[in-house]
Amino acid sequence: MKALLISFSELPTLQRHLYVLSAGLAKLGIETTTLGSNNLKIDAKLQSNNILIRTPSSPKPSPQSLFAMNRELNKIAQMAIEIEPDVIHFINKHTWNYFLIRMLKKKLPQTKLIHTFHDPVGHEGDSVQKGVVLYHKLVERLLDAIVVHSDIAKDQTLKALKPKCPVFQVPLGEKPWKPFNSVPFGSKEVLIFGRLNPYKGLNHYPKILDELYNLDPGIHVTIAGKASDGIESNLLAEISSKPNCTLVNRFIEDNDIDGYFERADIVLVPYTSITQSGVILDAYSRSRPVVAFDIPGMAQYVPEPENLVRAFDCVAFSRRVAELLSDGASCEQAALSAWNYGKSRFSPSKMAEATKNVYSEITDF
């Protein structure tokens with residue numbers, strides 16, 4: 001079987017997804033080719049089957065993006081014809097995808113077209129939420145299958161988008177799993193990691209920081225990630241003014257990620273909505289336990305009930321963090337449990353095996 005995997009994204013996590021999945025499928029005997037952005041943000045060891053495409057810096061529609069699309073899409077379609085894949089898999093949403101899919105359906109009518117929907121209906125409060133829904137509704141009409149990475153994403157896709165093609169759930173597993181690494185207990189370092197978006201509970205940060213300081217002034221929280229457009233500067237100023245907080249408001253380079261997680265005892269995920277979470281997998285793959293709000297979909301990623309706190313109860317949330325940080329044995333056990341749980345369900349090999357099964361089912365290979 002031949003598979004062509006496409007991602008025009010310049011986001012590191014999606015670039016990693018592209019190359020990790022391709023490598024995993026190749027190990028299972030699938031002949032893979034990738035088309036990815038030439039603006040690489042990760043340290044990828046590229047081979048001859050990894051083709052780079054000039055892409056716009058943003059997936060949003062713009063005159064620059066459309067000009068570049070006209071220049072590139074015919075070349076991409078010709079490459080696909082020469083490869084003759086049985087499956088073409090679009091890894092993430094992008095403006096170019098819709099036009100390329102329409103082109104490929106005409107030029108390669110026997111090839112099956114698959115698209116992964118990471119956040120099928122977007123997140124409440126995101127400025128692009130309506131655009132995300134519109135994109136998915138337009139694209140799903142042209143597909144042979146949709147891939148999602150969680151129960152809640154599958155439910156959203158079926159209920160809100162009502163696709164005519166089948167929807168398959170595949171474990172999320174783009175994070176290479178590291179050997180177990182004990183928590184540096186005693187540091188009382190806590191991490192909130194990733195792009196600062198409203199749905200990640202940004203409005204709850206000041207209350208959580210205050211409660212943690214009241215419980216134990218020695219607990220220190222590092223918040224590392226660039227604030228998204230539209231986040232109020234007053235809120236960021238309030239967060240950074242807390243005596244127990246360091247706010248690193250910038251894009252975190254790939255080479256720096258390990259250090260942030262390995263210095264922390266616990267990772268906090270006070271999200272208000274979730275479909276999947278690369279941050280939780282980042283934590284688990286580096287042996288760090290997670291404390292989160294008990295919102296729909298979170299239990300699939302955080303199975304320990306004691307680490308799932310009643311939604312938006314910042315007092316109880318902070319109390320659980322302080323409890324873990326005061327008990328070295330409990331913190332270490334939570335770390336080992338997180339590492340084992342993630343490895344058994346969300347490793348790259350699990351994602352590749354399930355994806356291969358999707359390809360086989362829709363192509364009869």
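Predicted model: local features only at pLDDT ≥ 70, side-chain atom pairs only at ≥ 80, totals over all residues.
## Helix α10

Helix α10 runs over residues 314-325, and its twelve residues reach 17 Å from the first C-alpha to the last, which is close to the 16 Å expected at 1.5 Å a residue. At the start of α10, the backbone nitrogen of Val315 has a side-chain oxygen of Asp313 within 3.3 Å.

The helix is mostly covered, since nine of the twelve residues of α10 are buried. These buried residues are Cys314, Ala316, Phe317, Ser318, Arg320, Val321, Ala322, Leu324 and Leu325. Their packing partners include both strands and helices: the buried residues of α10 pack against the strands β8 (189-193), β11 (266-269), β12 (290-294) and β13 (308-310), and against the helices α6 (205-215) and α11 (328-346).

## The crossing of α6 and α10

One of the helices against which the buried residues of α10 pack is α6, and the axes of α6 and α10 come within 9 Å and cross at roughly 50 degrees. The crossing of α6 and α10 is right-handed.

On the α6 side, the residues that meet α10 are Lys207, Ile208, Glu211, Leu212 and Leu215, whereas α10 contributes Cys314, Val315, Phe317, Ser318, Arg319, Val321 and Ala322. Among these α10 residues, Cys314, Phe317, Ser318, Val321 and Ala322 are also buried.

## The crossing of α9 and α11

Helix α9, spanning residues 278-285, packs with α11 at an angle of about 120 degrees, and the axes of the two helices lie 8 Å apart. The helices α9 and α11 are therefore oblique to each other, and their crossing is left-handed. In this contact, α9 supplies Leu281, Tyr284 and Ser285, while α11 supplies Ala338, Trp339, Tyr341, Gly342 and Phe346.

Helix α11 also takes part in the surroundings of α10, as it is among the elements against which the buried residues of α10 pack.

## Thr355 in helix α12

Thr355 belongs to helix α12, which covers residues 348-363. With a relative accessible area of 3%, Thr355 counts as buried because this value is under 20%. When neighbours within four places in sequence are left aside, the residues in contact with Thr355 are Leu21, Leu25, His89 and Val170.

Terms used:
Residues numbered from 1 in each chain as written. Heavy atoms only, no water. Helix = DSSP H or I, 4+ residues; strand = E, 2+ residues; numbered from the N terminus. Buried < 20%, exposed > 50% of the residue type's maximum accessible area, 1.4 Å probe, protein only. Contact = heavy atoms within 4.5 Å. Expected span 1.5 Å × (residues − 1). Polar contact = N/O pair within 3.5 Å; in protein donor to acceptor, adjacent residues only side chain to side chain. Axes fitted to C-alpha atoms, helices over the stretch in contact; angles between N-to-C directions. Parallel < 35°, antiparallel > 145°, perpendicular 65-115°, else oblique. Left-handed = near helix turned anticlockwise from the far one by under 90°.
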